[in-house]
Amino acid sequence: MKANMSNYTSNVPSQRNPEGWRRVDDVAYEIETYYLWVIVALGFPGNCFTIITIIKMCPARSLTVYIALLAIVDNMAIVNKLLMFVLPDRGVQIGLSGCRFLGFSGNFLITYGNWLLVGLSIERFAAVWFPFQIGKIWTFRKSLSVVISITIPLVALFLHLFWTMDYSYVAHSKSVFCKINEKYLYFMVHIWYWVNVLVYAVVPCVLLLVFNLLIIAGIVKSTKDRRSLNRNESSTDRSSSTDRQRQITIMLVISAITLVVLTTPRCVLLIMSPYLNPANKSMEGAVLYLIDTIAYILCDSTHAINFTYIPSVLDDSGTNSLTCLCVANKLQQHQPHST
């Protein structure tokens with residue numbers, strides 16, 4: 001991986017701290033080189049476990065569509081980011097097509113994961129506010145339709161990366177890297193960066209917070225209504241239902257807060273990058289490189305921690321899986337043997 005000092009330095013020579021900046025730059029470079037492997041080690045197995053758990057669930061529910069896709073997308077985003085950095089770092093000439101494909105898929109996947117959380121929140125909102133109609137208005141098939149309606153616009157939005165990204169190979173140093181095509185530099189820096197931040201973080205975060213507040217309000221209203229009616233439902237059933245809704249709500253609130261906290265630093269740096277021009281080989285440039293590396297760590301870590309709160313939605317999956325296995329075994333035992 002190349003040191004990021006080139007991203008945040010100008011041609012103005014530095015007269016201060018001639019060697020002090022190098023220590024900070026080296027620390028940032030070492031962190032940048034190895035942090036992705038830590039995220040892979042933590043996130044990839046956890047997401048795989050989530051996928052396996054959902055596959056064993058019986059029957060499939062609309063909720064599982066978003067959770068399974070979120071785990072798959074997170075793993076794909078981790079692998080894509082690893083390839084994007086490791087291949088050029090090893091001098092592998094991925095070419096213009098490889099650069100554009102990795103750039104497109106990386107941007108699409110990290111944005112897609114955030115919008116899947118929005119879809120999950122909307123589904124939970126419908127379940128809380130319309131509990132008796134949820135089976136009709138939000139079926140497994142309709143969940144797939146919602147996922148498709150999220151996928152197509154995002155694919156269209158990021159297609160321009162197949163034209164605006166470029167590939168560079170420096171023969172004397174045998175270094176390769178992806179960059180913005182000079183023809184589209186103004187568009188990317190002054191227009192696309194803002195659009196990207198809005199679609200990737202701002203709009204999903206706002207929607208998550210809004211729907212989370214509506215879900216909380218719906219749970220409070222539902223709890224009050226049940227207490228006032230106090231009909232045929234036992235206290236145990238009420239408590240179980242309320243606890244489950246509370247778990248789901250806590251998970252969604254955590255996801256919204258996590259998304260805001262972990263993505264904000266990188267979004268701010270992305271927007272401010274045209275205006276950040278510290279002197280070449282300066283302490284300011286090295287510190288900015290370190291801050292940018294930390295921002296990347298926070299941003300990329302979202303793909304490694306989603307699985308930690310997903311099981312709160314699947315608290316009964318183990319029971320469902322065991323039940324399905326037992327039923328399947330009994331059916332096999334009672335089937336007549338063919339001759």
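A salt bridge is a side-chain nitrogen of Lys or Arg within 4 Å of a carboxyl oxygen of Asp or Glu. The model is predicted, and local features need pLDDT of at least 70, side-chain atom pairs count only at pLDDT 80 or more, while totals for chains, interfaces and linings use all residues. Residues are numbered from 1 along each chain as its sequence is written, and side-chain values use heavy atoms, with hydrogens and water left out.

Side chains of opposite charge can pair when their charged atoms come close. By the rule above, the structure holds 3 salt bridges. In one of them Asp292 pairs with Arg266, and the closest N and O atoms are 2.4 Å apart. This pair links distant parts of the chain, since Asp292 sits in helix 9 and Arg266 in helix 8 (residues 235-272), 26 residues apart; helices (H or I, at least four residues) and strands (E, at least two) are DSSP runs, numbered from the N terminus. Asp292 is buried, with a relative accessible area of 2%, and Arg266 also counts as buried, at 13% relative accessibility, where buried means under 20% relative accessible area, exposed means over 50%, and partly exposed lies in between (1.4 Å probe, protein chains only).

Asp300 lies in helix 9 (residues 283-309) and Lys81 in helix 2 (residues 62-89), so the pair ties together parts that are 219 residues apart in sequence. Asp300 is buried, with a relative accessible area of 8%, and Lys81 is buried too, with a relative accessible area of 15%. A further salt bridge joins the side chains of Glu123 and Arg124, with N to O at 2.8 Å, and both Glu123 and Arg124 are buried.

Which cysteines are joined by a disulfide? A disulfide is a covalent bond between the sulfur atoms of two cysteines, and the cut-off used here is a pair of cysteine sulfur atoms within 2.5 Å. A search of the whole structure finds 1 disulfide, and this bond joins Cys99 to Cys178, with an S to S distance of 1.5 Å. The pair links distant parts of the chain, with Cys99 in helix 3 (residues 95-129) and Cys178 in strand 2 (residues 175-180), 79 residues apart. The angle about the S-S bond is -135 degrees, and the link of Cys99 and Cys178 is left-handed. Cys99 counts as buried, at 0% relative accessibility, whereas Cys178 counts as partly exposed, at 23%. As for Cys267, its sulfur lies 6.7 Å from the closest cysteine sulfur, in Cys299, which is too far for a bond; Cys267 counts as buried, at 9% relative accessibility.

The nonpolar residues come next. In soluble globular proteins, nonpolar side chains tend to be buried together. A nonpolar core is a set of buried Ala, Val, Leu, Ile, Met, Phe, Trp, Tyr and Cys residues joined through side-chain atoms within 4.5 Å. The largest such core has 55 residues, and those with the most contacts inside it are Tyr112, Leu116, Leu154 and Phe158. At least two residues of this core come from each of helix 2, helix 3, helix 5 (140-158), strand 1 (165-170), helix 7 and helix 8, and the largest share, 14 residues, comes from helix 3. Leaving aside its neighbours within four places in sequence, Leu116 is in contact (heavy atoms within 4.5 Å) with Tyr66, Leu69, Leu70, Val73 and Val147. Apart from this core lies another, of 8 residues, among them Tyr35, Ile78, Leu82 and Val86.

Finally, consider the chain as a whole. The chain has 10 helices and 2 strands, which follow the pattern α-α-α-α-α-α-β-β-α-α-α-α when read along the sequence. Of the 339 residues of the chain, 43% count as buried. Residues 24 or more positions apart account for 82% of the contacts in the chain with a separation of 6 or more.
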